[in-house]
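Welcome! Take a moment to turn the model around on your screen, and then let us walk through a few of its parts together.

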Amino acid sequence: MPAFACIFVPDFPLEALLRAEPELRSQSLAVLEGKAPLQKVFAVNENARRAGVSPGMSKLQREACTSLVLRARSLSQEAAAHATLLDCAQSFSPRVEAAGCDTIVLDLAGLEPLFGPLPKIARALARRASDLGLETSVAVAGNPDTAALAARGFSGVTVIPEGKEAEMLGSLPVEVLFGNSAQESGQLLETFSRWGIRKLRDLAALPDIALSERLGQAGIHLQTLARGATSRTLVPFEPQLIFEEVIELEYPLVLLEPLAFLLGRLLEQLCARLEARALATQELRLCLELGNGWQTEEIITGTEARRSFQRTLRLPVPLLDSRTFLKLLQLDLKAHPPGAPIVKIHLAAEPVRPRAAQNGLFLSPAPEPEKLELTLARIAGIVGEDKVGSLELLDTHRPEGFRMQRFAPSEPFSPRRHPSTVLRAGSATEKNNPHFSVQMSSMNSSVPELALSERCLGGGFSTDSSDDLVTALRIFRPPVGVVVTMEDGNPAYISCPKNKEMQGEILWAAGPWRSSGDWWEQEGWARDEWDIAVQGETGIALYRLVRDRLGGRWFLEGSYD
Amino acid sequence: MSSLPLVSTAAPGHPVAVAVPAWPALVFKRLSAMPKLAGVTPASRLEVRPTPQMVSSGVREIDTLTGGLPRGCLTEVCGPASSGRTSILLAALAAATQRQEVCALVDISDAFNPHSAAAAGVNFEKMLWVRCGMRLQKSGSPQRHPSALLRAGSATAKNEKIEKPVEQGLRVTDLLLQSGGFGLVIIDLGDTPLKTARRIPLTSWFRFQRAVEHTATVLFVISQVPCAQTCASLLLKVSGKKLSALSCQFSAKDSSPTHAQLLDGLQVQGELLRSRLDRKPAGSVTAAFATKVRAG
């Protein structure tokens with residue numbers, strides 16, 4: 001037996017706002033639409049309805065209700081709520097139809113072995129939607145249209161058994177047939193009203209031919225809907241994998257604490273949506289729209305005078321922890337403050353497959369990625385972003401020929417060494433699916449490493465360790481400038497005005513070793529190096545003495561230790 | 001309340017233990033009945049601390065001398081400039097990264113030379129390098145005060161202070177140890193002035209010791225003089241042996257050595273000053289080893 005479920009969100013614009021501000025659920029809330037000062041009430045919640053507020057009221061009329069909370073309609077938040085609804089449906093079935101911004105129909109064929117009987121699936125759908133911040137009505141029926149009508153007409157969870165469609169739909173008013181397009185069908189509704197037809201059972205009982213003569217095919221179609229006897233195939237909709245959340249603020253934010261509060265809420269919503277799709281994220285994009293206020297040097301985007309401040313948080317591994325993301329964003333904003341009041345927050349996450357890690361008894365300890373990211377962000381706040389990370393040696397003989405890069409230790413069984421499995425918008429989950437083969441190849445490549453780890457962890461020491469011991473050079477950053485006295489072409493005495501310990505008679509000197517490079521560029525360099533032994537107060541110390549042949553300066557580059 | 005005396009106070013100022021073991025069960029029962037002493041464990045029932053797991057230091061002679069580097073303990077290597085401390089540091093780092101352990105180097109003097117490390121065999125993919133240095137730090141940071149302004153440069157000069165490298169290094173080390181998961185954490189105090197190094201409060205070392213205790217982390221410190229004092233489970237003093245020999249050999253000014261003679265490695269002598277791993281005095285046990293010139 002085919003089965004379809006419909007998820008319907010009553011008062012969708014209101015629910016979209018309540019999803020962002022759930023604390024308003026217990027208050028009288030009205031959504032306004034239009035340009036000030038001609039804004040009219042567009043949607044109200046139950047509390048406001050009881051207080052006498054109804055859609056279409058003007059500013060003067062609604063002022064009678066003093067405790068009414070007013071919010072402007074936000075299309076961006078409605079888009080995010082619609083995407084959330086799709087995520088909720090997609091977490092149960094891949095065959096989903098978007099029947100409207102507030103209505104989603106999904107095919108339940110074959111889901112009973114996975115999720116249990118149909119009533120249980122309907123309850124799970126309502127619970128999942130509630131977890132995502134939306135209060136919904138869910139109905140299950142044998143065809144999509146009946147399920148949609150039942151979801152619009154009945155609140156809560158409704159399951160219509162096969163053959164009982166007409167009986168159960170009969171008690172619903174005829175207005176549910178038109179849904180959001182009630183205004184376009186005002187003429188039909190007026191006709192039904194003149195005929196005395198209030199309920200669907202009245203419409204279903206009309207003779208077919210007489211109805212066709214008077215209303216045409218539209219009337220027959222409505223009657224078929226009222227009887228719950230339609231038969232059509234679902235039009236599957238493949239939503240794009242876009243995870244974005246937006247908050248438009250009533251007043252500009254100037255403090256980090258309220259901003260963090262809002263960011264935390266957005267991150268929780270994003271993580272819940274990603275979790276519903278069994279995904280994680282490796283990149284967070286924060287875009288703050290700045291109001292007029294302090295002077296800032298940020299880029300002015302577009303033709304509008306509003307400035308946007310963008311930060312991108314890239315993670316070495318896919319994560320799905322809103323608290324970690326919030327802390328990272330806080331630390332990032334602390335290091336890079338936007339510099340102006342914030343009027344709109346836009347947060348987006350790039351979906352990727354979650355990290356699959358296999359721990360082992362004999363593997364070396366490694367920091368947890370979430371903790372490591374937070375630690376690195378905190379350390380960057382202490383020493384600076386360019387002072388923490390891992391090294392990469394450059395292919396050059398230039399002194400200090402290295403650069404810092406992001407520290408991301410590879411795990412023995414991690415798929416990180418291979419191309420990222422980023423899911424692009426619109427791409428199906430089958431795209432870029434080398435996961436299994438990736439893991440297998442990683443396991444094969446790490447067998448020697450594992451054997452080494454086991455040997456070392458077991459207490460066995462490398463026998464030829466001392467052969468690898470090298471004479472290390474400690475670099476002075478910046479180099480220490482010295483005055484050198486030459487004798488017979490060799491340095492004989494050095495004096496250092498800044499450091500008395502680094503001056504004295506040169507006992508031995510070996511050199512010079514001449515090197516140069518990058519002469520074809522502006523940053524060319526040429527130098528003579530000497531290794532010298534200097535008798536200091538505490539003993540003999542070995543230094544590397546360098547003469548810059550371009551500038552003629554002498555300096556100590558480092559000491560051998 | 002029980003009146004069974006545990007310590008005789010007959011002679012004021014000279015308490016004498018009373019022979020109570022005749023009824024140990026009764027004593028333990030009464031001890032547990034007293035609220036203040038309910039959590040007291042008799043010394044006879046204290047568990048012996050397990051011997052820490054030892055890992056290779058990368059230098060065979062040091063492994064022979066000390067048994068390796070103990071996990072979950074603080075190891076300190078001290079010595080003057082050009083005594084071979086950094087060579088030992090690189091050897092330990094190379095050994096740890098070859099064991100696929102994640103390591104961290106808190107470089108307080110920003111003196112690390114990547115080319116020497118590459119020559120020693122350090123795997124940079126597994127090494128986190130934190131370079132400390134003078135930096136203006138906003139005292140009114142949003143992390144400490146969440147209500148700070150989201151405005152660039154809002155902090156006035158009064159709210160800014162210069163954080164010294166040692167302070168940075170201690171804070172960074174604290175974060176790294178609390179984060180956990182590192183096989184080796186190195187604090188390089190090799191070029192830190194003696195006065196500054198000695199001013200590091202003992203409580204910091206105690207905190208570090210407590211943080212690595214019962215973990216697989218080796219906390220390794222190099223310095224000019226012993227800093228961690230009793231917190232160090234292993235204290236090794238190194239000195240450049242070859243420099244002294246050269247001093248005698250080339251006392252005459254005219255006999256200047258070639259490059260190979262001067263830097264064909266350092267003869268390093270290590271002396272074990274303290275080891276709290278085996279409960280016996282370490283004495284003055286020494287080991288000598290040599291380094292090779294491979295530095296760039």
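How many bridges join β9(A) to strand β12 of chain A? There are seven, and the two strands, with β12 covering residues 342–352, run antiparallel. Within this pair, A:I247 stands opposite A:I345 in β12(A). Two strands are said to pair if DSSP finds at least two bridges between them. Helices (H or I, at least four residues) and strands (E, at least two) are DSSP runs, numbered from the N terminus.

Before going further, please note that this is a predicted model, in which local features need pLDDT of at least 70 and side-chain atom pairs count only at pLDDT 80 or more, while totals for chains, interfaces and linings use all residues. Residues are numbered from 1 along each chain as its sequence is written, and chains are lettered from A and ligands numbered from 1 in the order in which they are written.

Now step back to see where that pair belongs. It is part of an open sheet of four strands in chain A, with the order β9-β12-β10-β11 and antiparallel pairing. At the edges are β9 (243–253) and β11 (307–319) of chain A, each pairing on one side only. On average, neighbouring strands here are turned by 15° against each other, direction ignored. Helix α12 of chain A, residues 256–276, packs on this sheet and touches β9, β10 (280–290) and β12 of chain A. The direction of α12 makes about 160° with that of β9(A). Such angles run from 0 to 180 degrees between N-to-C directions, with axes as lines fitted to C-alpha atoms, for helices over the stretch in contact. Contact between two residues means that their C-beta atoms, placed from the backbone, lie within 7 Å.

Chain A also holds an open sheet of three strands, ordered β3-β2-β4, with mixed pairing. Its edge strands are β3 (40–44) and β4 (69–72) of chain A. Strand β2 (residues 29–33) of chain A pairs with β4(A) in the parallel sense over four bridges, and A:L29 stands opposite A:V69 in β4(A). Helix α1 (residues 12–20) of chain A lies across β2, β3 and β4 of chain A, at about 115° to β2(A).

Finally, look at A:A226 in helix α11 (residues 208–227) of chain A.
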